[in-house]
Amino acid sequence: MLRRLADQFETSSAAYAAANGIERDPDWFLLKLQEEVGELTQAWNRLTGRGRRRNRTPEELDRDLADETADLLGHILLFARRNDIDLAAAIERKWRFQPALTSKS
C-alpha cells in the first residue's frame, strides 16, 4: 500500500518538477521534507493562535493543517522511495508492529 502511494506521489512530484524546471537531486528530497515540516508547523501555529491567522476562517485553518500534513506525508514517501527504503518493513520493525497475517486462500 505504501509503495503504491509513494508511486502516485512520485508521478505528481515529477510532473510538477518538470513543469517548473526543478531539479530533484538527492538533497532536494530532504530539503523539501524539512520545508514541509516548517509549513505544517506554521499551519499548526495559526490554528492554535500562536501565529497570525491572516484572515483565515476556522475551516480554512483546519484545511491548511490537513493539506500540510498531506504534503509532509507525501514528501516522507518520496524521500523513502528515492533512498530505496522499505518503509513498511521499517515501520513494523521500529514500532514493533506484528507482520500482517496473510490469507492462505
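**A walk through the helices**

R52 is exposed, with a relative accessible area of 60%. Exposed means over 50% relative accessible area, buried means under 20%, and partly exposed lies in between (1.4 Å probe, protein chains only). R52 sits in the loop between helix 2 and helix 3. Helices are DSSP runs of H or I with at least four residues, numbered from the N terminus. From R52 to F9 the C-alpha distance is 30 Å, and the two are 43 residues apart in sequence.

A word on the model. It is predicted: local features need pLDDT of at least 70, and side-chain atom pairs count only at pLDDT 80 or more, while totals for chains, interfaces and linings use all residues. Residues are numbered from 1 along each chain as its sequence is written, and side-chain values use heavy atoms, with hydrogens and water left out.

Now look at helix 2, residues 26-47. It has 22 residues and reaches 33 Å from its first C-alpha to its last. That is close to the 32 Å expected at 1.5 Å a residue; the expected span is 1.5 Å times one less than the number of residues. Its buried residues are W28, F29, K32, L33, E36, L40, A43 and R46. Seen down the axis of helix 2, they fall within an arc of 145 degrees, so they line one face of the helix. The arc is taken from the directions from the helix axis to the C-beta atoms. On the face turned away from this buried side are the exposed residues P26, D27, L31 and Q34. What covers the buried residues includes helix 1 and helix 3. Just after helix 2, G49 takes a positive phi of about 80 degrees.

How do helix 1 (residues 2-20) and helix 3 (residues 58-82) cross? Their axes come within 9 Å and cross at roughly 100 degrees. Axes are lines fitted to C-alpha atoms, for helices over the stretch in contact, and angles run from 0 to 180 degrees between N-to-C directions. That makes helix 1 roughly perpendicular to helix 3, a label for angles of 65 to 115 degrees. In helix 1, L2, L5, A6, D7, F9, E10 and S13 meet A70, G74, L77, L78 and R81 in helix 3. Contact means heavy atoms within 4.5 Å. The residues of this contact divide into seven nonpolar, two polar and three charged. Nonpolar covers Ala, Val, Leu, Ile, Met, Phe, Trp, Tyr, Cys and Pro; charged covers Asp, Glu, Lys and Arg; the others, Gly among them, are polar.

Helix 3 also holds D67. D67 is partly exposed, with a relative accessible area of 41%.

Note on methods
Helix = DSSP H or I, 4+ residues; strand = E, 2+ residues; numbered from the N terminus. Parallel < 35°, antiparallel > 145°, perpendicular 65-115°, else oblique.
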